[in-house]
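Please look at the structure below and follow its parts one at a time. The text starts with a helix and a sheet, then turns to salt bridges.

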Amino acid sequence: MRLHRVRLRDFRGVHDREVVLAEHGVTVLQGDNEVGKTSTVAALDLLFDAADSSRRADIRHAQPAGVDAGPEVEAEVSTGPYRFVYRKRWLRRPSTELDLLEPTRQQLTGAEAHARVTAILDETMDRVLWRALRVEQHTAVGQADLGGQDALTRALDRAASGPTGPGTGAGRPDPAADDGLVARAVDELRRYRTPSGRATGELRAAEVRRAEAEAEHERCRAALEAVERDVVARDRLDAELAGVRARRRAHGDEVAALEDRWAALQSRLREVDAARGRAVLARERATSARERREARDALVAAVDADAATAAETAAALAVHEAEHVAARDVRDARRAADAAARAEATAARRAADAATRAVGAARDRAELADLAERLRRVADAEAGLAAAERVLAGASVDHDALAELEDLARDLLRAEAARDAAAARVELSAPGALTLVVDGEELTLAPGETRTLPVAGSRALSVPGVLDVRVRPGLDEAGRDDAVRERARELAEACEDLGVADLEAARAARRAADDAARRAGEHRSALARELVGHADAAALRAAHDAVRDRLEGLDAAGAGDDDLAALRAAADAARTAAEDAAVRADEADAACRAAEDAVRDADTRAAVLAERAADARHAHARRVEELRAARADEPDEALGEAETARRDRARDAEREHEALAAALADDDPDTVEARVVNARGVAERLAGEVARLEREHAETTGRLQAAGHQGWHDQLAAAEAELDAAGREHDAVTRRAAAARRLHDALTRHRDRVRRSYVAPFRAQVERLARIVFGPSLSLEIDEELRITHRTLDGTTVAFGALSSGAQEQLGLCARLACAALVDPADGVPVVIDDALGHTDPERLARLGAVFTAATAAAGAAQVVVLTCTPERYHGIGAATVVPLAPSRRPAERGAPVRDEALRPADDLPAAAPGTVLDLPRAPRAG
């Protein structure tokens, strides 16, 4: 199959684009991301496989976003003897059109066109090979599934057989015929077995029939056995039911005797319970009488205690009254002493305040003088700082600029040194005095003097009136001289940008700026020292004015007294005296407060004692009244007599209860009750067992009656006959399935033996291409499925799976190209590579370009289509045809539709002969 051109309209992000492909060799479709490279291959899959009525997900995704149009694909294809133009549109106004150009002209539409193209492709194209030789963008290159490909198998068979003739492979079986025979054997085997080995078709039907016959036979046999078990069970139930009924009658007599005995014991139990109730009631009444007597004794004791408490509180209150009067006298005396101490402290404090104000005035006068001097120094520092900053503002050369000039000067010196070291030299020797003109300057040589001139650039030597000589250096020396001039120009431009004449002037300007910066720093430090404690000079001046304003309010006498030491001594003495007076006043105040607290405590205690005395008197009166009322209701002697009488009656009731309980215990009522309860349970159990046995007997009888109408003996005989027939049929089908399996296995072994002979020519072709990349020491091991298993390089063998990602993709690409080179052009399909080789280094990329060229060099070579957004990876392909792809937008967005049909040979790419290594930059990996 060959692709001649592909056109997309409204397909994903492509509005309208037609791509024309070279029929042979490599075509590189290059463009940025999202330009529609991968969409071209995806569109071919939809064109060949999907009907125009399909609305599957990949077709819906192909519809352009925000556009009410259906995706449309058109392709011109050659395959076998056919050449046709095939066009299809989905979703919006779906249509299918086929224009068959060769071998006969024909036009078809709709489902008929789709069916015709499908038939042509099935007839002429190996669809599996079309998938195997494709490298999609989202998958690694890796191994290709080439085993069993019909087109490749025919090509390898031709290569393995060699030229036809005597002694050659002329008698070798046709691999296609072998495959057809194996296919028919597989078809025959599939009549009986699925690919996974499960039974199907006739074998499955025979197995199902035998299984159903076995199930029916088992069902009838089980039913007949169940009938026999029911007959035995009914006989057993008859015997068990008779026995249980007899036991139930005997147990009924025993239950009646126990019930009578238990009824007699229950009346005696009630008598014992009544006696116990009378004894408990008598004991409760005796306890109540004792508690009333004890309460009366406690009330008498409480009356006596209240009388004693009232007498004690009255005595304590009388004693406290005398102490209270004495405390009030002490308090009055201490109040007078406190007032005198406070007056003395106030006078001393006023004297101390006057002395402190005098000291403050003297200190303010000293501070005013200091602030005036600091203001003067601040003004000097600000003037110096302003001058230094003016110098800094005019400086154009900073340290970075100077460093850059220094670097440029060093570069110039190195360039001059390199030029002079590598330059040719001209030696001039004069036998006598001689005057020359060198580059426009006169040069006089004394007799016998020798002068050496370096030839870094073109130099002109002239002997006036005699000889003109021009010496030119070689290309390398001219380049070094240009480098010197370039470095000198860069240095001059940098100096000019900075406004200085040369490097020395820049250094002088930098030194002047550094000196100004130093002076500015010194002035800033002076300002910082003088302005300590103030935000700025204005704050310092405000502090000076505030001190001056404070001093203006002093009288003349105070203003003239500046003996600060004497003033401070007098102030200290006044403060000491004031502090002593304050201490004495505080002591007097503390003593006064203590006396006040004592008086308040005495008042509180007197109130508490008075309240306690009143409470005691009230409590005593209340208790006396309570005792009088209680004795009026019931005298003390009556309480004692009632307690004695009730205690005696309680003892008589308890003795009566104990006698009745002892007489009842001799008859053991608990045991009789337990036996009665157990006998009742046994009677209930026997009744339940009789009911269960009667129910089971009825159910068994019902089943036997129903089974009598089923005819299980006849059904079992019919099931045995069907099982025998199904078994014979299953055995026959199983024998045919086994024969089909043996035939299939034998033919498969024969085909595999033939395929093993195909490995050698395929390996030779892959090694031929791979040695261009890896070198002549490479050898490969390939299995019967034509997969690379091991690579040997420089004597080291490594499994394919252990190779690096780059080596795997390089070998995988060589295998695909080898397959394309081996397959007959009539059977071949295009090799499509979508942005691969992301793991390949630059050197091997250059060698892979030679692999592409070698694989497609023959006449009628395979068609290879490469899609890439990094064209640098494929610059090494010498015979590539490059198709640049630009974004294709709708006319409203960007001009007219794009047609990328200008095929151009890769004249601007370097040609890569086999074995040539190009020094290309490393290609970035595909994201």
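Helix H17 (residues 759–774) lies across strands E15 and E16, and its direction makes an angle of about 145° with E15. This arrangement, like everything described here, comes from a predicted model.

The two strands under discussion belong to an open sheet of 3 strands, in the order E15-E16-E17, with antiparallel pairing. Strand E15 (779–782) and strand E17 (796–799) stand at the edges; each has a single partner strand, so one side of each has no neighbour in the sheet. From one strand to the next, the twist averages 20°. E15 and strand E16 (residues 788–793) run antiparallel and are joined by 4 bridges. Leucine 780 can be found opposite arginine 791 in E16.

Now to the charged side chains. How many salt bridges does the count come to? The count comes to 54 salt bridges.

One of them links glutamate 72 to arginine 89, with the closest N and O atoms 3.3 Å apart. Glutamate 72 is in strand E4 (residues 72–79) and arginine 89 is in strand E5 (residues 82–89), so this pair ties together parts that are 17 residues apart in sequence. Is glutamate 72 buried or exposed? Glutamate 72 has a relative accessibility of 13% and counts as buried, because the cut-off for buried is under 20%. Arginine 89, at 17% relative accessibility, counts as buried too.

Another salt bridge joins the side chains of glutamate 654 and arginine 283, at 3.0 Å from N to O. Glutamate 654 lies in helix H14 (residues 636–665), while arginine 283 lies in helix H7 (residues 201–393), so the pair ties together parts that are 371 residues apart in sequence. Glutamate 654 counts as partly exposed at 27% relative accessibility. Arginine 283 is also partly exposed, with a relative accessible area of 31%.

A further salt bridge is found within a helix. The side chains of arginine 685 and glutamate 689 meet at 3.7 Å, N to O. These two residues are 4 residues apart in helix H15 (residues 669–707), which means that about one helical turn separates them. Glutamate 689 has 21% relative accessibility and counts as partly exposed.

Key
Residues are numbered from 1 along each chain as its sequence is written. This is a predicted model: local features need pLDDT of at least 70, side-chain atom pairs count only at pLDDT 80 or more; totals for chains, interfaces and linings use all residues. Side-chain values use heavy atoms; hydrogens and water are left out. A salt bridge is a side-chain nitrogen of Lys or Arg within 4 Å of a carboxyl oxygen of Asp or Glu. Buried means under 20% relative accessible area, exposed over 50%, partly exposed in between (1.4 Å probe, protein chains only). Two strands pair if DSSP finds at least two bridges between them. Axes are lines fitted to C-alpha atoms, for helices over the stretch in contact, and angles run from 0 to 180 degrees between N-to-C directions. Contact means heavy atoms within 4.5 Å.
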